[in-house]
Amino acid sequence: LQYLNRSAFVPVPLSQASRIAIRPGNVANGYVRTPLTWNVDLAVSKNFKLREHMNLQVRADMFNSLNHVNYGSPSTDSASATFGEINGAGGMRVVQLNARLTW
């Protein structure tokens, strides 16, 4: 996913003798904002009384239950061939089932 326009950024010129930047750049730290990330986690449980002192709890936990794609950060190295691209994403939906017997 191409997130930043490559042609909007130009590298700072370097000195021929020392290979050090002639002047500072004009983009400050924190200038690039990453895509919004959000998560919805959900848990559903049911308690069963089996005997007087014996209980069973059945539970389902869902992480990222709506399965929303959370994109990673774009590459900010202007010398890289992947500058401005997002090449990763967060995890997908995970469901965990539990059973707990207490006595």
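These are my notebook entries on one predicted chain.

Ground rules. I worked from a predicted model, in which local features need pLDDT of at least 70 and side-chain atom pairs count only at pLDDT 80 or more, while totals for chains, interfaces and linings use all residues. Numbering starts from 1 along each chain as its sequence is written, and side-chain values use heavy atoms, with hydrogens and water left out.

Secondary structure. I looked up the elements and found zero helices and three strands, in the order β-β-β from the N terminus. Helices are DSSP runs of H or I with at least four residues, and strands are runs of E with at least two.

Overall form. I noted a radius of gyration of 25 Å, well over the 13 Å that the globule rule gives for 103 residues, so the chain is more spread out than a compact globule. The radius is taken over C-alpha atoms, and the rule is 2.2 Å times the number of residues to the power 0.38. The C-alpha trace spans about 85 × 25 × 20 Å along its principal axes.

Of the contacts (heavy atoms within 4.5 Å) with a separation of 6 or more, 55% join residues 24 or more positions apart.

Leucine 14. I placed leucine 14 in the segment before strand S1 (42-51). Leucine 14 is partly exposed, at 38% relative accessibility. Leaving aside neighbours within four places in sequence, leucine 14 contacts Arg19, Ile20, Ala21 and Ile22.

Notes. Buried means under 20% relative accessible area, exposed over 50%, partly exposed in between (1.4 Å probe, protein chains only).
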